[in-house]
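Here is a friendly briefing to read alongside the model. Please keep the sequence and the 3D view open as you go through the points.

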Amino acid sequence: MSTKHFAGDSVEPPKVPGSYRFYSMRFCPYAQRVQLVLNAKGTPHDTVFIDLLDKPKWYLDIFPAGKVPALIYDGNFLSESLLLADFLDEQFPEPPLWNCSPLQKILDKLVIESFSKVGTAFYKLIFTSETVEEINFNELVASLIPIEAELAKRGSKFFGGDKPNMVDYMIWPWMERLDSIKPYTQGKFVIPFDDKFPKLASWKALMIVDKAVAPYYLTPEKHAQHFVNKKAGLPAYDF
């Protein structure tokens, strides 16, 4: 998969026969959600990365909103990460990522919804002040307490049981980025996973080597550098 991001005066690359065209941005956690589902399903697709600061004219012509993630399916332009994840799970039923129980499915969706507090706290920590403030770090750590408790209550390696399900893949992009706090703050702040969140620590170690996650995983250092660049107003999408 090429990590080149297409910008304003570029030409759209030719579509790959037999594959679904997926538009993404390499550092977007919402696009990563959909990428993980595509990987987990083994759905044939070709990913085209979009420069969100200098969007290609050809992309705006076909999708005026200019957002990612987006997927072309049967001539239709589909977007929004959770909607795309649901669509892919229904359209490509193997392996199923949602629990077949309607009750468990809604309980899982509530976990994903509650996890949004972690994402909000993380970006508040990174972007709302010139330097990382301890009060924001403590807020982020506190937001992980109910997620640790939920995994402990389930008594399984993954939120999905013995293997990852939709919950695991929908929250992973932000969990992957949490380790970037250490290099971003030059070691001043580190999420105490081993001490305070042992269930999540074990879960993270398993997720990193999952067949859907591993090919798309970025190191904490790469994420940290992206945040440094973005905060300086000079995000570098290609690497």
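Gln-186 sits in the loop between α8 (181-184) and α9 (193-196); helices (H or I, at least four residues) and strands (E, at least two) are DSSP runs, numbered from the N terminus. Gln-186 has a positive phi of about 55 degrees although it is not a glycine. This is a predicted model, in which local features need pLDDT of at least 70, side-chain atom pairs count only at pLDDT 80 or more, and totals for chains, interfaces and linings use all residues. Residues are numbered from 1 along each chain as its sequence is written, and side-chain values use heavy atoms, with hydrogens and water left out.

**Backbone features to look for**

- Gln-186 is exposed, with a relative accessible area of 76%; buried means under 20% relative accessible area, exposed over 50%, and partly exposed in between (1.4 Å probe, protein chains only).
- Glu-80 also has a positive phi, near 80 degrees, and is a residue other than glycine.
- You can find Glu-80 in the loop between β5 (76-79) and α3, where Glu-80 is partly exposed, with a relative accessible area of 38%.
- Most residues other than glycine have a negative phi, and most peptide bonds are trans.
- The peptide bond from Val-68 to Pro-69 is cis, with omega near 5 degrees, and Pro-69 belongs to the loop between α2 (57-62) and β4 (70-73).
- Another cis peptide bond runs from Glu-94 to Pro-95, with omega near -15 degrees; Pro-95 is in the loop between α3 (81-91) and α4 (102-127).

**The sheet**

- Five strands make an open sheet in the order β1-β3-β2-β4-β5, with mixed pairing; two strands pair if DSSP finds at least two bridges between them.
- At the edges are β1 and β5, each of which pairs on one side only.
- Strands of a sheet pair through backbone hydrogen bonds, either parallel or antiparallel.
- Strand β1 (residues 5-6) pairs with β3 in the parallel sense over two bridges, and Phe-6 stands opposite Ile-50 in β3.
- Strand β2 (residues 20-24) is also parallel to β3, over five bridges, and Tyr-23 has Val-48 in β3 as its bridge partner.
- From β2 the chain crosses through helix α1 (residues 29-41) to β3 in a right-handed β-α-β crossover (with the strands pointing away from the viewer, the path from the first strand over the helix to the second runs clockwise).
- Why is strand β3 largely enclosed by the rest of the structure? Five of the six residues of β3 (residues 45-50) are buried, so the strand is largely enclosed.

**Annotated domains**

- The UniProt annotation "domain: GST N-terminal" (unreviewed entry) covers residues 18-96; UniProt positions are given in the numbering used here, feature names are shortened, and annotations may be inferred rather than shown by experiment.
- Residues 18-96 are 38% helix and 24% strand, and their end C-alpha atoms lie 22 Å apart.
- UniProt places "domain: GST C-terminal" (unreviewed entry) at residues 101-239.
- Over residues 101-239 the chain is 65% helix and 0% strand, with end C-alpha atoms 42 Å apart.
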